[in-house]
Amino acid sequence: MKRSIKYIALIACVGLLGACDLKEDRTYDEPTDIRLARALDEYSRALTSAANGWILLVDSNFGVFRHYLSFDENDRVIMLSDLSANYTVKDGTDTTTAPRQSSYQLKALHMPSLIFNTYNYIHMLCDPTYSVMDVPTHYALYSDFEYSILSFDSGVFTLRGTLNKTTAYLRRATKDEADAVFAEHALMNDYTRIEGHTGSTLSIGGREVSVSFLEAFHAAATANRNRFVDLTWQDEAGAEQRVQGHMWIELETAASGSGVPTRIGLIAPVSVGDVLIASFRWNADTGAYDAVGQDGTVYTKPAGNIE
Amino acid sequence: MKTIKLFLTLAAGLFLAACSEDNIGEQYEILGLGGDTEAQTELDRWLYDNITSPYNMEVKYRWDRSEVDLTYTLVPVKEEVVRPIMSAVVKGWIKPYEKVTEGTNNEAFVYKLSPKKFMLVGSAKYTGSTIVTGEAEGGRKVVIFRANDYTKDPEVLISMLKTCHHEFAHTISQAQRYPEEFEKVTAESYTTKWTSVSTVQARHNGYVSNYACKSPGEDFAETLAFLCMYGREWYEDLITQESDWYAKPENQKTSYDPGAALRTKQSLVETYLKSTWNVELYDSHSKKGLITLVQEAIEEIRADIEDAKNNH
């Protein structure tokens with residue numbers, strides 16, 4: 001009996017050792033550094049080769065801000081921003097019309113990262129210095145200027161902030177958009193155009209939903225308005241329900257211009273009951289913005305409410 | 001026994017068979033090893049020609065979170081403030097040491113012992129209860145916060161220069177220790193809880209600042225930095241003020257007169273600088289001392305800031 005156990009143990013040991021396979025089984029064909037270097041090279045070529053620049057949407061605790069960017073091969077970036085369109089910049093800079101140059105860096109950190117590494121308009125959202133903007137917090141607007149690149153698909157970079165984990169999207173601008181930003185000051189004018197169309201009532205999934213864009217930021221500084229869209233309705237029990245989305249305005253160009261921005265996007269969809277709302281679209285017939293569901297369904301202002 | 005032998009023979013055979021000469025695999029460069037490479041700008045060239053090459057100091061102004069605290073809300077520096085700030089650092093800190101040792105046998109010591117890296121950050125570091133404007137790591141690196149504000153408030157530059165003088169005092173005292181007597185002057189009142197000591201109370205205890213109460217090393221660095229930044233007259237006034245305060249019996253809580261303690265510290269710093277580094281703290285017949293040179297530089301820097309403001 002004792003001898004059998006020894007033999008079994010011996011065979012088991014030999015079997016275990018024989019099971020060792022010296023072949024490497026990699027998840028990826030190439031080492032991480034080679035893949036990272038290739039990705040950074042691809043991103044760099046994409047950023048610097050866009051003839052009409054880029055539109056960057058960055059989220060913050062106060063809504064979404066749009067920046068127009070143009071990158072060059074010497075690590076320089078020129079920036080315009082819609083920051084001063086409805087926020088008070090204390091030194092009086094008009095960020096929508098005065099281009100500012102600084103540097104940027106594509107770097108391999110935990111992930112390929114895009115870092116705006118000297119001061120530009122994007123940093124004003126993150127600047128804890130009270131004298132920069134009229135924001136009562138040392139965390140500024142809880143935004144980011146260092147981003148991990150989560151993906152680059154169909155000409156759109158999806159980014160995630162390093163410090164505050166905010167979402168940002170960077171997409172190629174069209175020639176019309178670049179012209180509109182520089183010649184027609186679209187970053188500023190879009191906010192002017194939306195004034196007067198900041199609220200309506202829509203029928204969404206059988207509910208009467210009150211929609212309000214750009215809620216007042218705080219009473220003392222009415223020029224500062226959060227880039228929020230608020231949706232409120234009453235549930236079956238009569239209780240008020242409210243959701244809030246972080247909004248941005250699609251750039252108006254000479255071709256698309258209709259006097260009112262045609263589309264208002266949300267950085268992330270919001271739920272009205274079981275309906276997911278992804279954006280808003282100007283409806284000239286009703287004179288109000290329709291809500292557009294994640295599935296493409298359009299929710300319009302009820303006919304009786306058309307003013 | 002036989003089984004064990006058989007087992008060992010088999011095992012040895014397997015181990016030997018396992019030996020083989022494997023290729024370690026494809027060779028490739030580790031991305032980012034050796035630091036960042038940036039396209040050089042005119043500012044980079046100016047920094048190299050005026051700071052890095054002559055003084056052996058790196059100036060880092062492009063954002064690198066690994067150089068600062070990872071959790072605070074901070075922003076990078078504006079490129080246009082880098083040059084005036086570093087010019088002020090040279091003018092208000094390096095040049096006075098250069099001039100005061102000119103013609104002595106210790107002429108270039110400031111180059112050898114200066115911190116090797118300056119990091120500039122645009123905003124201050126808000127910790128909740130305090131605003132941090134400068135930090136230093138072991139005499140090697142100095143981080144200057146609030147750089148973007150330098151034209152709005154001259155005190156930003158003054159505080160930055162004080163940080164430079166403070167850190168340099170540490171470096172020189174680590175290379176050649178300050179006199180042991182310095183530690184005994186106010187030995188009874190050093191405290192690790194210096195943050196709960198007010199500046200006024202610290203001065204009543206014979207220190208130039210509350211941070212000086214932390215340890216004799218910090219006390220030495222603060223004493224030299226305050227002497228340089230605020231001048232002899234300010235220090236003499238402080239001595240008089242504290243001696244007058246101590247003259248009242250109800251204020252005699254320490255075993256020593258704080259004014260006299262400040263005087264002793266001043267004298268020990270002066271002797272140490274002269275005997276160890278050939279640095280004259282005060283003016284002599286033929287030459288300006290370190291304090292005068294720093295004070296003159298500060299005046300120039302204030303004028304430069306005014307010019308920058310007007311040009312802006």
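Author: What follows takes up a strand of chain A and then a helix of chain B. This is a predicted model, in which local features need pLDDT of at least 70, side-chain atom pairs count only at pLDDT 80 or more, and totals for chains, interfaces and linings use all residues. Residues are numbered from 1 along each chain as its sequence is written, with chains lettered from A and ligands numbered from 1 in the order in which they are written.

Reader: Which side chains of strand S8 of chain A are buried?

Author: In S8(A), residues 156–161, Phe157(A), Leu159(A) and Gly161(A) point to one face and are buried. Strands are DSSP runs (E, at least two residues), and helices are runs of H or I with at least four, numbered from the N terminus.

Reader: How many bridges join S8(A) to S9(A)?

Author: There are 5, and the two strands run antiparallel; pairing requires at least two DSSP bridges. Val156(A) stands opposite Arg171(A) of S9(A).

Reader: Turning to chain B, which residues of helix H9 are buried?

Author: Among them are Leu262(B), Val269(B) and Trp277(B). The buried residues of H9(B) line one face, because they fall within an arc of 160 degrees, taken from the directions from the helix axis to the C-beta atoms.

Reader: What follows H9(B)?

Author: Asn278(B) does, with a positive phi near 60 degrees.

How values were computed:
Buried ≥ 20, exposed ≤ 12 C-beta atoms within 10 Å, placed from the backbone.
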